[in-house]
Amino acid sequence: SVWELPTFSEAAAKRTDMKMTQIGEKYRIQLPKGKGAQPCPFLNPASGCTLPPEEKPFACSIWPVRVMKDAQGKLLLTLYQGCDGMPDSNIPKLIQLLDDGLKARIIEEIERDDSLILPYHPNYKILGEL
């Protein structure tokens, strides 16, 4: 979905011929309208992300976790419910990982790039407030 796309560095944006919109110092892919869900141009189905680690967006690094803002303006840590790689049995481990420092890292990244905050979507399970 267009609303869920992360922002990319200029170096990453130069690696694709897809149209990009500049947002400050970052770039967001403009997906063609009417084509439905499309894979990221940097995703190889067999091997994963093709970007060098230093160019991989933070949002991709924490997938399927997302930071969302609810209608009252609260920041929420959420989990995409359609990810086969994250069964419900792993949620306690994920919450422990968040408590052990990932949550603090996410807060640091949001302070640098608030495009990580998305509007709440019901396909995401709320893990807690940020």
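Trainee: Leaving aside neighbours within four places in sequence, which residues is Asp 70 in contact with?
Mentor: Keep in mind that this is a predicted model. Beyond those sequence neighbours, Asp 70 touches Leu 76 and Tyr 120. As for where Asp 70 sits, look in the loop between β5 (65-69) and β6 (75-80).

Trainee: Is Asp 70 buried or exposed?
Mentor: Asp 70 is buried, yet has no salt bridge. Check the cut-off here: a salt bridge needs the charged atoms within 4 Å. What Asp 70 does have is a polar side-chain atom 3.0 Å from the backbone nitrogen of Gln 72.

Trainee: And how does Asp 100 read, buried or exposed?
Mentor: Exposed means over 50% relative accessible area. Asp 100 comes out at 59%, so call Asp 100 exposed. You'll find Asp 100 in helix α3 (residues 91-112), where its side chain makes a 2.8 Å polar contact with that of Gln 96.

Trainee: Now the largest nonpolar core: which residues touch the most other members?
Mentor: Out of 17 residues, those are Leu 77, Leu 79, Leu 94, Leu 98, Ile 106 and Leu 127. At least two residues come from each of α2 (58-61), β5, β6 and α3, and α3 gives the largest share, six residues.

Trainee: What is Leu 98 in contact with, neighbours within four places aside?
Mentor: Leu 77, Lys 103, Ile 106 and Leu 127. There's also a second, separate core of 10 residues, with Ala 13, Leu 31, Phe 42 and Leu 51 among them.

Conventions:
Residues numbered from 1 in each chain as written. Predicted model: local features only at pLDDT ≥ 70, side-chain atom pairs only at ≥ 80, totals over all residues. Heavy atoms only, no water. Helix = DSSP H or I, 4+ residues; strand = E, 2+ residues; numbered from the N terminus. Buried < 20%, exposed > 50% of the residue type's maximum accessible area, 1.4 Å probe, protein only. Polar contact = N/O pair within 3.5 Å; in protein donor to acceptor, adjacent residues only side chain to side chain. Lys, Arg positive; Asp, Glu negative; His and termini not counted. Salt bridge = Lys/Arg side-chain N within 4 Å of Asp/Glu carboxyl O. Contact = heavy atoms within 4.5 Å. Core = buried A, V, L, I, M, F, W, Y, C linked by side-chain atoms within 4.5 Å.
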